[in-house]
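Take a walk through this two-chain model, one element after another. Keep the structure open as you read.

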Amino acid sequence: MCKIGKFFLKFLGIFFAANALLFVVFFFDLDGKLMFNVVEPFLKKHYDNMPRRDRLQEPYDMDKFPKY
Amino acid sequence: MAKNIKKALKDFWYGKPHTAEEGGRRLGELYEDKTGLLKHREWRGVKDTFYYMYMIWGYNYVHMITDILKYSNNPIDFVKGTWRYRWMGQTYLPVIHWFERGLQGMRGEALAASAWHYRAMVSASIQQICNFFNADTRLHGGKENQAYKTSIYANETTCGTMFYPWMDAGYRYIPMEMIPYFVTCHVNSHTVLNYIDAVQSIGLPGDPCPMCQAEAGIFVLDDVPDSAPFTITCNEACDASVSTSTLQDWFFDKPLFSLPMPMQFDDPLVKKYCMKEIEECWKFIEKQTGVPFNWDSMVKRLERQNKLQRDEWEKWEVAGKTDYYPINGVAQALFRIFSTQYGIQGDFWEEASEKVKKIMYKCVEKKINPFPKTRHRVIAWSCAPLYFSNWCTWAYNCWGLNCIINMDSLMFNMEIRTDSYENMLEDLAQYHMWAPMRRMAVGGMHHIFELWEYMEKFNCDMVAMYDQLQCKGMQGVHGLFEDEFRKRNIKAFWMPHALPDCRTVSRAEIRRQINDYMTTVMHEEPLDPSLLDFDDSMTW
């Protein structure tokens, strides 16, 4: 078989394998399961432990107005 | 045996039929218990399954990335923002699942057209997120860059139209809460609970509208990007939001203009007052930016906004008079409320609208009914549960209730004249006063009963009446609606909810209320019994 034919077959093989893999991810909602079971709990933990400013410590200067 | 093979082949090619009698698809069995994740996605037949996979699922994943590259000044900022802000990371990663919930069971033209509305909303959301992060001083070592200097912060119910005059000069309107609050509730209802709890933790009562609570809670938790040098707040649809503005004034601590949204908007004197307030707001922006009001910039975008409105009228004509309208209830409502509030800041609304019109006219020409199992044409009235905005998709799949139109779509039902400054200002004041949840809900006065007129116009035979339990305004008119429903012999069911807070009334409880109505009052059998009762208490 000529080089172009081999390349074409290889290309087709990779194309179909990639699509089959994509279909498995799509059909079995693997992206959703990854987000729900792994990514979201990880991020939640990160956000829960993040140091934040205590906004209540900031004075609310009702009698001081900015220059506008 | 041969019959079974023939049916299996037919199911493979076309997807299983809708109803139980036809050996239906039983969508409720696709869910995993509690999480609402799918054991596997629905097989919609060869054509629709692969359309969904490539043109919705794959297409939107790819375009989410290209949108970031398009709107972000530096994609690294996007990553930094995701790491910094809970509303970003926790919410926007599962966005494709939001499509899934809204589009479940849809086939053919309904699937394609509704997905274009979702696509436009995602694109608009990514633009807003990028606008936040491009300018955020927290992500840029405290520096106030050019993007920061050209951003205008405003409350999410202050319509984007108000800021068109500065857009030719490179200014952008960023609604402070639209992404951190409003859109998150639809995509991932867990996120907003942190903000509601935060505002109650500092001693505020838990009974006002949870929307006002959540919007203030974002500030309490220090989760608002520092992306603009000044802001415009307003009292939104109800006066609980006045307190939100006070907290925003405290925590934002920058020049702030409070733009009122009058309650009794039918009074011509109130309208004049509102016009003056809008002009005061524009003077405030001129002072802050040093850039004068630009009439041409205003007119250019108003013309596009008016065209979008005319497109919508065209679509409503088909929705009201035929069975060929291909947009499902949730895609209709969210697209409309999002586009009218955010305004023209890109071409995503117009692109989606054109694509939908093309699909719609194909349905009209070929007489394709995208919702063939419709038993009742429903109009949804009052404010919807944000955590279960996809209830209409469920209701169609389970009961054949096709939500044709809703109050959210009809609020900004007008064009704004561009022939003179005076006319434009008068119309803009009207537009501003017809704010979300205001025109036909809180403060709507006589307009709450425009329901009957629209019911007739859209040829609906049933009302889905939202019952926001923490909305004092609409709770006050509950009895009036009950009386009118009886007097007019209108079929109507109530849907209790608490806007963003899924803990007060669960999705399962909302479904139970509709199921009860359909069985005890309507004496009907479900199209898909597997959807009657399932546990999705932990779902996004």
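Start with chain A: of its 68 residues, 10% count as buried. Buried here means that 20 or more other C-beta atoms lie within 10 Å of the residue's own; exposed means 12 or fewer, partly exposed is in between, and C-beta atoms are placed from the backbone. The model is predicted: local features need pLDDT of at least 70, side-chain atom pairs count only at pLDDT 80 or more, and totals for chains, interfaces and linings use all residues. Residues are numbered from 1 along each chain as its sequence is written, while chains are lettered from A and ligands numbered from 1 in the order in which they are written.

Chain A has two helices and zero strands. Helices (H or I, at least four residues) and strands (E, at least two) are DSSP runs, numbered from the N terminus.

Now look at where the chains meet. Chain A puts 22 residues into the contact and chain B puts in 24. Two residues are in contact if their C-beta atoms, placed from the backbone, lie within 7 Å. On the chain A side, the elements that give two or more residues are α1 (3-27) and α2 (30-48) of chain A. α2(A) gives the most, with ten residues. By class, this side of chain A has 13 nonpolar, one polar and eight charged residues. Ala, Val, Leu, Ile, Met, Phe, Trp, Tyr, Cys and Pro count as nonpolar, Asp, Glu, Lys and Arg as charged, and the others, Gly among them, as polar.

Move to chain B and its strand β1 (residues 151-154). Ser151(B) and Tyr153(B) point one way from β1(B), Ile152(B) and Ala154(B) point the other way, and all are buried. In a regular strand the side chains alternate between the two faces of the sheet. β1(B) pairs in the parallel sense with strand β2 (residues 172-175) of chain B, over four bridges. Strands count as paired if DSSP finds at least two bridges between them. Ile152(B) has Tyr173(B) as its bridge partner in β2(B). β1(B) also runs parallel to strand β3 (residues 231-234) of chain B, joined by two bridges. There, Tyr153(B) is partnered by Thr231(B).

Further along chain B, four strands form an open, parallel sheet in the order β6-β5-β7-β8. Its edge strands are β6 (401-406) and β8 (491-497) of chain B, each pairing on one side only. From one strand to the next, the twist averages 30 degrees. Angles run from 0 to 180 degrees between N-to-C directions, and axes are lines fitted to C-alpha atoms, for helices over the stretch in contact. Strand β5 (residues 376-381) of chain B pairs with β6(B) over five bridges. One bridge pair is Arg377(B) with Asn402(B) of β6(B). Helix α19 (residues 450-457) of chain B packs on this sheet and touches β5, β6 and β7 (462-468) of chain B. The direction of α19(B) makes about 150 degrees with that of β5(B).

Finish with a helix pair. Helix α6 (residues 108-135) and helix α14 (residues 329-342) of chain B pack at about 35 degrees, with axes 9 Å apart. Residues of this contact include His117(B) and Met121(B) of α6(B), and Leu334(B) and Phe338(B) of α14(B). The contact residues divide into nine nonpolar, two polar and no charged. α14(B) is mostly covered, with 14 of its 14 residues buried. Gly343(B) follows α14(B), with a positive phi near 80 degrees.
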